[in-house]
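Take a look at the protein and its ligands below. The report starts at one ligand and then steps back to the whole chain.

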Amino acid sequence: MSTTLISNAPTGVTLHQADNRIRLVGLGRKEIAKHLTDFGIEPKKVRMRTKQIFHWIYNYGVTDWLQMTNIAKGLRAELEAAFSLARPEIIERQISVDGTRKYLIRMAPGIEVESVFIPDVSKTGALCVSSQVGCTLTCKFCHTGTQKLVRNLTAQEIVLQVIAARDDLGEWPTTQENRKLTNIVFMGMGEPLYNTEQVGDSLDIICDPEGLGIGRRRITVSTSGVVPEIGPMGARTSAMLAISLHAANDELREQIMPINRKYPLKELMQACRDYPGVSNSRRITFEYVMLKDVNDQPWHAKQLIKLLIGIPAKVNLIPFNPWPGSEYECSDWETIETFADIVNRAGYASPIRTPRGRDILAACGQLKSESEKMRASERRKLEKSSAVNK
Ligand code: SAH
Ligand code: SF4
């Protein structure tokens, strides 16, 4: 398959990048208000100015203070001197033959983040965002799991992934008809429930109707099963929940997902039953990656059905996406279909997810930051040269 690689895609605002101004874009109302207060805006005007600026940033996507026409010219210039609306640098943008777009964004030195825009066949599309650089969990089938945690992303860095995609897709203002970026899924790098505060704050900004305006039901937070955080996250964000299940018995799940040793299935399923707002119209998605000869047999499907009894659920069957060095293979198509049929006949929707962006390694579980990949190849180079020197 062919890949279009557009390196150093223009972001148009790189002028602001090297400066020391405070970056307002990506911040929430409270933080913007605080910065405006510190800057010296009269206390009684802070609320109004915050509202105006928030609207310009998140509804219109402006990158230039001069465009904020309802703010006096003199004040605009002063604000520009103090605050930046700069986007982070997109180091690499790849577009798959199927329209999937992968971005590698440098948030700060050494903090490189991947996000993926996946257009749907219909009018919608989802942006898959990262919540951490790397991951502390080591699920065996996941490429991100081989990269050590570098750090949690801030709410601002999560919001900036959405801003970068909206810029790239030309989807400003929010009121524009037929925008394709309609949904957000936390299925990029990292475990969102190990970074709940920043994920929660980012959603307050992403879902604000006067800004980016994405509805809370269009947000899905996917977790490998950090049980104590599931309920509080639901109460805080009202987001939809996805559970990376991948096995319906503790023995197998422990083998492929070490987190199961800490939070076994019984506790995980109880947290799902108790999830705030769960109902037949707000089902929990159970993701199930199809690993050849590991978890894909009819008896596994039957075990899965039993496990889901009493939970408003749908099952997403994900063909395993291989990555360099992975130890698994994807199940055959026939095996996946048989599995899907069994689950479906038990009354659960069980779509088989079409792999997207495989040619650009953008599919689920394949994200791993370039910096890490580079480090690995540098390491190999070093190893080679030291072998020669020996
Ligand atoms: N840490 C969170 C969210 C990121 S992973 C979680 O685990 O849910 C997003 C989804 O991709 C998860 O369901 C994960 O299990 C799945 N995934 C990971 N590696 C994969 C691979 N190689 N092929 C297919 N899906 C994979
Ligand atoms: Fe981390 Fe999720 Fe990958 Fe597991 S599947 S290693 S939790 S990113």
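## Polar contacts of ligand 1

In this predicted model, a polar side-chain atom of S244 sits 2.5 Å from an oxygen atom of ligand 1. The backbone takes part too. A polar backbone atom of N321 is 2.9 Å from a nitrogen atom of ligand 1. For T223, a polar backbone atom lies 3.5 Å from an oxygen atom of the ligand.

How much of ligand 1 does the protein cover? On its own, ligand 1 has 530 Å² of accessible area, and the protein covers 96% of that.

## The shell around ligand 1

In total, 22 residues surround ligand 1. The closest are F141, G190, S222, S244 and H246.

Sorted by class, the shell holds eleven nonpolar, nine polar and two charged residues.

## The shell around ligand 2

Ligand 2 has its own surroundings: C135, L137, C139, C142, G145, G190, E191 and S224. Four residues of this shell are nonpolar, three are polar and one is charged.

## The whole chain

Now step back. The protein chain has twelve helices and 14 strands. Of its 390 residues, 53% are buried.

Consider contacts with a separation of 6 or more: 66% of them join residues 24 or more positions apart. The chain exposes about 17,800 Å², and carbon and sulfur atoms supply 52% of that area.

Note on methods:
Residues numbered from 1 in each chain as written. Chains lettered and ligands numbered in written order. Predicted model: local features only at pLDDT ≥ 70, side-chain atom pairs only at ≥ 80, totals over all residues. Heavy atoms only, no water. Near = heavy atom within 4 Å. Nonpolar A, V, L, I, M, F, W, Y, C, P; charged D, E, K, R; others polar. Polar contact = N/O pair within 3.5 Å; in protein donor to acceptor, adjacent residues only side chain to side chain. Areas by Shrake-Rupley, 256 points an atom, 1.4 Å probe, with all protein chains shown as cover. Helix = DSSP H or I, 4+ residues; strand = E, 2+ residues; numbered from the N terminus. Buried < 20%, exposed > 50% of the residue type's maximum accessible area, 1.4 Å probe, protein only. Contact = heavy atoms within 4.5 Å.
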